[in-house]
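User: Hi! I am new to this structure and would like a guided tour. Could you take my questions one at a time?

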Amino acid sequence: MGSPADRKQEQRESFHADDPAAGPLTTDQGVEVDHTDDSLAAGERGPTLMEDFHFREKLTHFDHERIPERVVHARGAGAYGYFEPYESCAEFTRAAFLQDPSVRTPVFVRFSTVQGPKGSADTVRDVRGFATKFYTSEGNYDLVGNNFPVFFIQDGIKFPDFVHAVKPEPHNDIPTGASAHDTLWDFVSLQPETLHAIMWLMSDRAIPRSYRMMQGFGVHTFRFVNAEGRGTFVKFHWKPKLGVHSLVWDEAQECQGRNPDFNRGDLWNAIEAGEYPEWELGVQLVPEEDEFAFDFDLLDATKIIPEEQVPVRPIGRMVLDRNPENFFAETEQVAFHTGNVVPGIDFTNDPLLQARNFSYLDTQLIRLGGPNFTQIPVNRPIAPVRTNQRDGYHQSAIHRGTNYFPNSLGGGCPAHAGADGNAYTHYAERVDGAKIRKRSESFKDHYSQAALFFHSMADWEREHIVAAFRFELGKVDAMTVRARTVEQLAKVDGELAAEVARGIGVPEPAEQGTSYKQESPALSLESLRGDGSIRTRQIAVLVTDGVDAEQVTAVREALAAEGAVVEALAPADGTVSGADGELYTVDRALPTVASVLYDAVLVPGGPTGTPPVAEDPDALRFVRSAYLHGKPVGALGSGVDVLAALDPEGVTLSAGSVVADRGVVTDRSERAASEFVREFVAAIAAHRHWDRPPVRH
Ligand code: HDE
């Protein structure tokens, strides 16, 4: 037996279906089949015979290949990996997987969008799910989080209302993968507890560049419990090593058509390339005695604890290093459940969390067809399982012995866990109260933290938020809903409401917003740039006949040395002939790609006065679009003329040596100097350049 991280892999391997190369095709019964192209018929042109068991089995199985998709988070992508703590967290929790830095715990993570069906596009404006299953030595622990730290509602009883409102409308099933429609905004305008999460939804957090470049949050306040039984409130944070980066809305929309699998493919390709995504797990810890030390309720999932108030303490890291082998078996059938906890991790009375603890098991029963879904390989713990649960659909174990407790005939087995202290014990929180159906008074402030978020944004982030509200509300037909939403926004920030109102044809409200003027700089993407590397960034180099191939090769190698993925794009696949007559290999034909699929573009030069790509309309559109989306654009030699032709108002271009101006890096000198590469790398590391005129949101 290897390390726990290997153990999950060994377990998976034991479930591999027989190697198809090991023998001929058979039926499900193991009978060999020599002909699967024609059904058994009565004569050459006659009817198919009932007796054709191979035909019937094949069709019947096919007819039953689908299971219900998840009611929310239907579209997702997953990967395996491991988690390791930096040091022992014994002071706060007895959870075994958080004790020993030398022990790697296997994990499976599924990222998802929420609103759209399984076949919807990746780059929609939506929350992203970030669900992690830790296969710990004490059983499975699921941290089922999102990439926003707050949720839209406070009490789980509102979940069906919220989801009905955001999902496609019931009469025509429109829109797919979008929140820009009447029913969502009707709900939002009437239910102000949604506003804080709505601010996040209108921000760039809702259009991540990559699953590898987004944060994750447990959202609720959970409870750590240490070996002495002392509880500590805890909020979980995942922070990506590559930094948090987003798309531009205009780009995200185009991407939905150009590559609906943009985020899914990005995760898959990075792992295949050995560029394993990594996150740091951090915790905000609040001693139990400080439960009431905040101006919000810790049990309210529409609130964050500002990091400036309670710093995030890094406790470990997670690396995803293995793609699933079968999407359906693993990513589709994985069953997360907030109720899957291990000793040392416990719940709080957050009414959203309490509802979730009911819902996830319930949903698995219908989705995975019965109570034995824990036997599906991806859901199996690596910890031993000994229960008296028996039978049911899809039972695949042959249980032996007795199936009740207490028993004497089975030797009393399985016995209760003993005094060695490994059993789960619920935190002995004292609970006392009358049965009431009433929202706590401490949950009533819906505006302060929405304002906190808005006020913590950089100017460009605020502009994007305003543009997003205008887009979304601009697609709402009911003017009453638009106006009512703007009235709600006015309670968050008067200027925000006025700016939104001006774009959607409703009166500017008189109200001037909340008096809550605090800021939390940690919320801005400006503070989440990551390690500043350009690893895995996709850089397009536009080449065509006559290109200075030597120059391209030099820059390409320098960018690749920084970990970027560089692709040469040309009007057609195959090769182009460089200025020196040598053939240069093309990675992709321009008509098959688009600038929205890349992070940056480089326009190399040729030896003559005319830049080689200047003649190609696809190439020009590519550069223009990258420029408008604020992406780094580099040009060398005569390639600088292509940028000049775009007329980048106010941006300085090179007349000789290197000039870097707001992400536009140009160099007219003959050879690609290391200084150009340095500036171009810095521009790529900055991700986007919002101060460039004009940038399309
Ligand atoms: Fe979920 N949620 N949720 N949710 N959720 C589901 O479980 C639910 C909530 C989240 O990749 C469902 O297996 C209720 C918050 C993720 O498989 C379902 C409430 C957060 C995933 C369900 C919430 C989440 C789900 C649908 C309010 C972030 C995908 C299918 C009380 C902290 C997991 C399924 C995966 C999936 C219920 C609110 C995250 C129906 C009732 C808050 C990441 O059980």
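This is a predicted model: local features need pLDDT of at least 70, side-chain atom pairs count only at pLDDT 80 or more; totals for chains, interfaces and linings use all residues.

User: Is Val-219 buried or exposed?

Analyst: A residue is buried if 20 or more other C-beta atoms lie within 10 Å of its own, exposed if 12 or fewer, and partly exposed in between, with C-beta atoms placed from the backbone. Val-219 has 25 other C-beta atoms within 10 Å, so this residue is buried.

User: What is the phi of Val-219?

Analyst: Most residues other than glycine have a negative phi. Val-219 is not a glycine, yet its phi is positive, at about 70 degrees.

User: Where is His-73 found, and what is its phi?

Analyst: His-73 is found in the loop between helix H2 (53–63) and strand E1 (76–85). His-73 counts as buried because it has 23 C-beta neighbours inside 10 Å. This residue is not glycine, and its phi is positive, near 60 degrees.

User: Which residues around the ligand are the closest?

Analyst: A residue is near a molecule or strand if its C-beta atom, placed from the backbone, lies within 6 Å of it. There are 25 residues that surround the ligand, and the closest are Arg-70, His-73, Gly-129, Gly-156 and Val-219.

User: Which element gives the most to the shell around the ligand?

Analyst: At least two residues each come from strand E2 (105–113), strand E3 (128–136), strand E4 (139–146) and helix H9 (351–367). With six residues, the one that gives the most is H9.

User: How many residues of the shell around the ligand are charged?

Analyst: Ala, Val, Leu, Ile, Met, Phe, Trp, Tyr, Cys and Pro count as nonpolar, Asp, Glu, Lys and Arg as charged, and the others, Gly among them, as polar. The shell has 13 nonpolar and nine polar residues, while the charged ones number three.

User: Is Ile-366 buried or exposed?

Analyst: Ile-366 lies in helix H9. In space, Ile-366 is 7.9 Å from Pro-68, C-alpha to C-alpha, although they are 298 residues apart in sequence. Because Ile-366 has 11 other C-beta atoms within 10 Å, this residue is exposed.

User: What is the form of the peptide bond from Ile-174 to Pro-175?

Analyst: Most peptide bonds are trans. Pro-175 has its place in the loop between helix H3 (159–166) and helix H4 (182–190). With omega near 5 degrees, the bond from Ile-174 to Pro-175 is cis.

User: How far apart are the C-alpha centres of domain 1 and domain 2?

Analyst: An automatic or database domain assignment gives the bounds. Domain 1 covers 76–161 + 205–379, and domain 2 covers 538–685. Their C-alpha centres lie apart by 39 Å.

User: What is the mean pLDDT of the chain?

Analyst: pLDDT is the predictor's confidence in each residue, from 0 to 100. In this chain, 98% of the residues reach 70 or more, and the mean is 95.

Definitions and conventions: Residues are numbered from 1 along each chain as its sequence is written. Helices (H or I, at least four residues) and strands (E, at least two) are DSSP runs, numbered from the N terminus.
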